[in-house]
Amino acid sequence: MIVLRSLLLLMAVGLLVQGCAFSRGTLGDDIGSEAVAAIKKGTTTKAEMLALLGAPDRLLQVNGRDVFQYYRYDAKVGSLLLIIINFSRFSIKSDDLFVILNREGIVEDIILSKRTDGLEFRFWPFGE
Amino acid sequence: MKLPMSRIYPMLFFTVMCVTSLGCNVVRITLNTTLTQDDVAFIIPGQTTLADVITKLGTPDSITDSYQGVVATYRFLDMKYARVNFGWLLKPWSPVDPNLIISRTGLGVDAFELLCDSNWVVTHQSFLRHLSGPRFNPYPF
């Protein structure tokens, strides 16, 4: 009886769950922690910084200073494909690095946050 | 084997629910983690610096200059999409693939903006609040 029930349950799940899908998309290269760690406030020059990180994605002028912005986007998509209803959840997060240079071209401040570290594949679209 | 009515009713309910929700899609797209008023309650205009904010909330998505100082913006997106295809109801009896689709998308674009003075001290803060409205409602009319 238990075997029959298990088989029926397995069949029901097999019939209802058509499949699931995992997809991932990224924009930009990973911002290397080692390269960021090599940048020292008050000493690293613009040329050294460019050698470490390459050209910025955006160049801003803020508060009389040059700000170099580097970013990377990561998207993870989980889809649960049932026969009669499909659930999908797209989760997108970004890593951003801002390097603030003073008028002499020396790094004044570095701001980095890696939001993509905690990015997970999710299927359930409801709730938070 | 005869099933008792107490078991038939839940099965029947499940079957009816399945048939009525035939051909449904529920999709959600989120960009970054949504900030709430509680998350930003620690910011005191005139005292809190941008560095304090970054320590707690991470880097902003953009930093721009304005005549009155620097504007830091944290952006979020919460898009909800629901779709029902009633044409699926006719599929078993139709030689063609009929479609009768209703769908609705709620695009919630939100941002938290900070205005800082030349010393990076926060002077103003505000949410944009263009929230997505009803939750997964496919009815477009």
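**Reading a two-chain predicted model**

Analyst: The contact between the chains takes 23 residues from chain A and 22 residues from chain B, where two residues are in contact if their C-beta atoms, placed from the backbone, lie within 7 Å. This is a predicted model, in which local features need pLDDT of at least 70 and side-chain atom pairs count only at pLDDT 80 or more, while totals for chains, interfaces and linings use all residues. Residues are numbered from 1 along each chain as its sequence is written, and chains are lettered from A and ligands numbered from 1 in the order in which they are written.

User: Which strands of chain A each supply at least two residues of the side that touches chain B?

Analyst: Helices (H or I, at least four residues) and strands (E, at least two) are DSSP runs, numbered from the N terminus. Here β2 (58-62), β4 (85-101) and β5 (107-114) of chain A each supply at least two residues of that side, and the largest share, twelve residues, comes from β4(A).

User: How does one read the pairing of strands, and which strand of chain B pairs with β4(A)?

Analyst: Two strands pair if DSSP finds at least two bridges between them. In this model β4(A) pairs with strand β1 (residues 24-31) of chain B in the parallel sense, over eight bridges, and within that pairing A:Ile92 has B:Leu31 as its bridge partner.

User: Which strands of chain B run antiparallel, and how many bridges join them?

Analyst: Strand β4 (residues 101-116) and strand β5 (residues 122-127) of chain B run antiparallel and are joined by five bridges, with B:His124 as the bridge partner of B:Leu115. The two strands form a hairpin with five residues between them, and B:Trp120 in the turn has a positive phi of about 65°.

User: How is the secondary structure of chain A read along the sequence, and why is the chain described as more spread out than a compact globule?

Analyst: Chain A follows the pattern α-β-α-α-β-β-β-β. Its radius of gyration is 23 Å, well over the 14 Å that the globule rule gives for 128 residues, so chain A is more spread out than a compact globule; the radius is taken over C-alpha atoms, and the rule is 2.2 Å times the number of residues to the power 0.38.

User: Is A:Thr43 buried or exposed?

Analyst: A residue is buried if 20 or more other C-beta atoms, placed from the backbone, lie within 10 Å of its own, exposed if 12 or fewer, and partly exposed in between. A:Thr43, in the loop between α2 (33-38) and α3 (46-53) of chain A, is exposed, with 9 other C-beta atoms within 10 Å.
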